[in-house]
Amino acid sequence: MVKHGCVIEGKSLVKCPKCSADVASPKKTWKMAGRPDKTGKRTQLEIGLFECSKCKNTFREVLGKSKI
């Protein structure tokens, strides 16, 4: 699941929130466990840190979600 982006030829593109340029790959990725829901299950988020090549803006984007 990619928020604010699209998938082209197997690569996920994320749009820069400042200038709307497409950014192809993250500088860094990590996984984080969210708060438990009403049933006690947690959501594991995969987050990516991106840097726009056009305006040099650094931003985070959720790359994937799964229940653990």
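**View 1. A lysine charge over a tryptophan ring.** A charge sits over a ring if NZ of Lys or CZ of Arg is within 6 Å of the ring centre and within 35 degrees of the ring normal. Lys28 and Trp30 meet that rule in this predicted model. The charged end of Lys28 lies over the ring of Trp30. Its distance from the ring centre is 5.5 Å.

View 2. The chain has six strands and zero helices. Read from the N terminus, the order is β-β-β-β-β-β. There are 68 residues, and 24% of them count as buried. The exposed surface comes to about 5100 Å². Carbon and sulfur atoms supply 51% of that surface. Now take the contacts between residues at least 6 apart in sequence. Of these, 36% join residues at least 24 apart.

**View 3. The hairpin of E5 and E6.** Strand E5 covers residues 43-51, and strand E6 covers residues 58-67. The two strands pair in the antiparallel sense, over nine bridges. Six residues lie between them in the hairpin. What is the bridge partner of Phe50 in E6? The partner is Phe59. In a regular strand the side chains alternate between the two faces of the sheet.

View 4. Lys56 belongs to the loop between E5 and E6. Most residues other than glycine have a negative phi. Is Lys56 buried or exposed? Lys56 is exposed, because its relative accessible area is 55% and the cut-off is over 50%.

**View 5. A stacked pair of phenylalanines.** A pair of aromatic rings is described by the distance of the centres and the angle of the planes. The chain has one aromatic pair. The pair is Phe50 with Phe59, and it is stacked. The ring centres are 5.7 Å apart, and the planes make an angle of 15 degrees. This counts as stacked because the planes are under 30 degrees apart. Phe50 is buried, at 1% relative accessible area. Phe59 is buried too, at 7%.

**View 6. The surroundings of Phe59.** Phe59 is part of strand E6. Leave out residues up to four places away in sequence, and Phe59 still touches a list of residues. Among them are Val14, Lys15, Cys16 and Pro17. The list also includes Val23, Gly48, Leu49, Phe50 and Cys52. Gly48 is eleven residues from Phe59 along the chain, and their C-alpha atoms are 8.4 Å apart.

View 7. Pro17 sits between strand E2 (11-15) and strand E3 (22-23). Which residues does Pro17 contact, beyond its neighbours within four places in sequence? They are Asn57 and Phe59. Thr58 is 41 residues from Pro17 in sequence. In space, the C-alpha to C-alpha distance between Pro17 and Thr58 is 9.6 Å. Pro17 is exposed, with a relative accessible area of 60%.

**View 8. Ser20, a positive phi between E2 and E3.** Ser20 is placed in the loop between E2 and E3. Its phi is positive, at about 65 degrees, although Ser20 is not a glycine. Ser20 is partly exposed, with 46% relative accessible area.

**View 9. Cysteines without a disulfide.** How many disulfides does the chain have? The count is zero. For Cys16, the nearest cysteine sulfur is that of Cys55, 3.7 Å away. For Cys55, the nearest cysteine sulfur is that of Cys19, 3.7 Å away. Cys55 is partly exposed, at 30% relative accessible area.

Notes. Residues are numbered from 1 along each chain as its sequence is written. This is a predicted model: local features need pLDDT of at least 70, side-chain atom pairs count only at pLDDT 80 or more; totals for chains, interfaces and linings use all residues. Side-chain values use heavy atoms; hydrogens and water are left out. Helices (H or I, at least four residues) and strands (E, at least two) are DSSP runs, numbered from the N terminus. Buried means under 20% relative accessible area, exposed over 50%, partly exposed in between (1.4 Å probe, protein chains only). Contact means heavy atoms within 4.5 Å. Accessible areas come from the Shrake-Rupley method with a 1.4 Å probe; for residues, only the protein chains shown count as cover. Two strands pair if DSSP finds at least two bridges between them. A disulfide is a pair of cysteine sulfur atoms within 2.5 Å. Rings of Phe, Tyr and Trp (its six-membered ring) pair if their centres lie within 6.5 Å; planes under 30 degrees apart count as stacked, over 60 as edge-to-face and the rest as tilted.
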